[in-house]
Amino acid sequence: MWLLVALVVLAAGNGRTAGAQKSRLTLHPKWVNVFIGDKVTLKCDDPNSLGNITTTQWFRNGTALEIQTPSYSIRAAAFDDSGEYRCQMGDSHKSDVMRLHVSQDWLLLQTSGWVFLVGEPVDLRCRSWKDRPLTRVTFFKDQEIMKFVTKNSIFSIPHVTRNDRGSYHCTGHLGSQLFESLPINIIVQDEDRPAEGGGGMGLGGWPEGHRDGN
């Protein structure tokens with residue numbers, strides 16, 4: 001009798017584990033590369049919770065953090081905050097990796113992700129240090145001009161294709177002086193992102209020759 005009960009409990013437990021989905025980690029604002037001093041909030045969602053209160057565990061570079069709330073706020077990003085983040089909520093599996101990059105420069109081309117699936121939207125933002133007025137902004141892909149704007153510093157691709165993968169950077173004027181951002185790599189995939197490169201951030205996306213104070 002006890003053996004039968006044990007087998008039933010074990011089978012039920014295995015069923016929950018097998019059917020569990022990954023926790024979902026998102027960034028707010030959505031930019032995965034930020035300036036030093038920026039505020040960043042990471043949020044974790046459990047697709048299996050059905051509104052129930054569940055526990056949350058956060059990880060940075062594989063090490064568990066002493067944070068158990070559904071959101072994790074970085075009030076003023078520092079170079080040491082760069083790295084790989086994951087979360088796990090309730091009975092869900094660990095989320096895909098979210099790679100955050102913190103840098104310091106005069107100009108930064110921010111992106112809403114590093115790795116995208118075909119058909120997903122991509123947002124790029126050319127931003128100046130301390131949000132100083134930026135004019136005559138130009139977006140480049142593989143050294144070719146994609147778009148020139150006088151005021152709006154955001155370039156959007158509503159439905160990305162494999163032809164959109166490549167190296168992107170931007171230039172802009174602060175006063176009369178021209179500045180250029182470091183390039184970033186955008187990766188586009190046909191299939192689901194691998195578990196260790198998800199969350200819109202792949203290894204190939206790190207800014208080339210990034211200047212981060214290290």
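Asp-123 is buried, because its relative accessible area is 17% (buried means under 20% relative accessible area, exposed over 50%, and partly exposed in between, with a 1.4 Å probe and protein chains only). The structure is a predicted model, in which local features need pLDDT of at least 70 and side-chain atom pairs count only at pLDDT 80 or more, while totals for chains, interfaces and linings use all residues. Residues are numbered from 1 along each chain as its sequence is written, and side-chain values use heavy atoms, with hydrogens and water left out.

The side chain of Asp-123 meets that of Lys-30 in a salt bridge, at 2.4 Å from N to O (a salt bridge is a side-chain nitrogen of Lys or Arg within 4 Å of a carboxyl oxygen of Asp or Glu). This pair links distant parts of the chain, with Asp-123 in strand β11 and Lys-30 in the loop between β1 and β2 (33-35), 93 residues apart. Helices (H or I, at least four residues) and strands (E, at least two) are DSSP runs, numbered from the N terminus. Lys-30 has a relative accessible area of 39% and is therefore partly exposed.

By the same rule the count comes to eight salt bridges. Another of them joins the side chains of Asp-38 and Arg-127, at 2.7 Å from N to O. Asp-38 lies in the loop between β2 and β3 and Arg-127 in strand β11, so this pair ties together parts that are 89 residues apart in sequence. Asp-38 counts as buried at 13% relative accessibility, and Arg-127 counts as buried at 10%.

Lys-22 lies in the loop between α1 and β1, and Asp-96 in the loop between β7 and β8 (98-103), so the pair ties together parts that are 74 residues apart in sequence. With a relative accessibility of 38%, Lys-22 counts as partly exposed.

Ser-23 also lies in the loop between α1 (2-19) and β1. At 5% relative accessibility, Ser-23 counts as buried. A polar atom of its side chain lies 2.9 Å from the backbone nitrogen of Met-89. Leaving aside residues up to four places away in sequence, Ser-23 touches several others, among them Cys-44, Cys-87, Met-89 and Asp-96 (contact means heavy atoms within 4.5 Å).

Two of these neighbours, Cys-44 and Cys-87, form a disulfide with their sulfur atoms 2.1 Å apart (a disulfide is a pair of cysteine sulfur atoms within 2.5 Å). The link is right-handed, with 85 degrees about the S-S bond, and both Cys-44 and Cys-87 are buried.

The structure holds two disulfides, and the other one joins Cys-126 to Cys-170, at 2.1 Å from S to S. Cys-126 in strand β11 (residues 122-128) and Cys-170 in strand β15 (residues 166-174) are 44 residues apart. The torsion about their S-S bond is about 80 degrees, so this disulfide is right-handed. Cys-126 and Cys-170 are both buried. With the bonded cysteines of the protein numbered in sequence order, the pairing reads 1-2, 3-4.

Strand β3 also belongs to an open sheet of three strands, in the order β1-β3-β6 and with antiparallel pairing (two strands pair if DSSP finds at least two bridges between them). Its edge strands are β1 (24-28) and β6 (71-74), each pairing on one side only. Within the sheet, β1 and β3 (residues 40-45) pair in the antiparallel sense over five bridges. Leu-25 has Cys-44 in β3 as its bridge partner.

Strand β4 (residues 56-60) and strand β7 (residues 83-89) pair in the antiparallel sense over five bridges, and the bridge partner of Gln-57 in β7 is Gln-88. β4 also pairs with strand β5 (residues 63-64), in the antiparallel sense over two bridges. There, Arg-60 stands opposite Thr-63 in β5. The hairpin of β4 and β5 has two residues between the strands, and Asn-61 takes a positive phi near 55 degrees in it.

Definitions and conventions
A polar contact is a pair of N or O atoms within 3.5 Å; within protein, one must be able to donate a hydrogen and the other to accept it, and residues adjacent in sequence count only if both atoms are side-chain atoms.
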